[in-house]
Amino acid sequence: LALEADLQQKSFEIENSTLKKEVELQSYYYNYLLALEMKRIAADAQKQVDKAYDQLEEALDEDEPTVSQTDLLNLKAKMHTVKEGVIEADLGMKRVQLAIRFALGLQDGDTFAAEDTILAMRPEPMPTEEQVREWTIKHNPELKQLEAGVRARRLQMDLAEAKLAPEFFVM
């Protein structure tokens with residue numbers, strides 16, 4: 001009985017580590033999608049700022065009274081901020097890809113490509129806090145592991161107590 005409870009505890013430990021790995025990989029996947037979205041936004045912002053810069057230079061060359069060198073300097077400052085954003089998005093993508101390669105055990109030359117590259121809302125409804133609490137109490141493998149461990153230790157204690165109890169012999 002104690003061995004059975006101990007075995008059950010080990011199986012819940014394995015289930016727990018499997019679920020933790022799934023959560024970790026899902027986190028990496030959504031970080032990957034977020035990094036892709038950030039790269040798209042940064043690239044679009046870069047195009048928009050470059051276009052505005054070209055238009056502003058044209059307006060200055062044509063001596064339009066509505067623009068000045070100050071406008072050009074302000075835009076250059078914004079261009080620097082956008083370039084930093086592009087670099088940060090690229091760095092974020094590299095970090096996520098490195099984490100995914102490490103988690104999946106891929107080699108340096110291997111690349112990760114997601115089936116879906118659009119960051120979309122998840123279709124399932126969000127549970128309430130009470131529903132999450134109830135589900136956790138019912139299905140959390142860590143709690144099941146603890147229960148099985150306590151049960152195994154109790155059985156081991158009962159067995160040890162039985163060995164220490166006096167034995168009566170009838171002759």
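Helix α2 provides the largest share of the lining of the largest pocket, with 8 residues. Helices here are DSSP runs (H or I, at least four residues), numbered from the N terminus. The model is a predicted one, in which local features need pLDDT of at least 70 and side-chain atom pairs count only at pLDDT 80 or more, while totals for chains, interfaces and linings use all residues. Residues are numbered from 1 along each chain as its sequence is written, and side-chain values use heavy atoms, with hydrogens and water left out.

The volume of this largest pocket is about 230 Å³. Closest to its centre, among the 14 lining residues, are Met38, Ala42, Gly85, Glu88 and Ala89. A pocket is an open set of points on a 1 Å grid over the protein atoms alone where a 1.4 Å probe fits, with protein on both sides within 12 Å along at least five of seven lines; lining residues have an atom within 4 Å of a point. Volume is the space filled by probe spheres set on the points. Both α1 (2-61) and α2 (69-104) supply at least two residues of the lining.

Turning to the aromatic residues, the structure contains 1 aromatic pair. The ring centres of Tyr29 and Tyr30 lie 5.4 Å apart and their planes meet at 75°, so the pair is edge-to-face (centres within 6.5 Å, planes over 60 degrees apart).

The loop between α1 and α2 contains Asp63, a residue other than glycine whose phi is positive, near 55°. Most residues other than glycine have a negative phi. Asp63 counts as exposed because its relative accessibility is 66%.

As for confidence, the protein chain has a mean pLDDT (the predictor's confidence in each residue, from 0 to 100) of 81, and 89% of its residues reach 70 or more. Confidence is highest in α2, at a mean of 86, and lowest in helix α4 (residues 141-164), at 75.

Notes
Buried < 20%, exposed > 50% of the residue type's maximum accessible area, 1.4 Å probe, protein only. Phe/Tyr/Trp six-rings, centres within 6.5 Å; stacked < 30°, edge-to-face > 60°.
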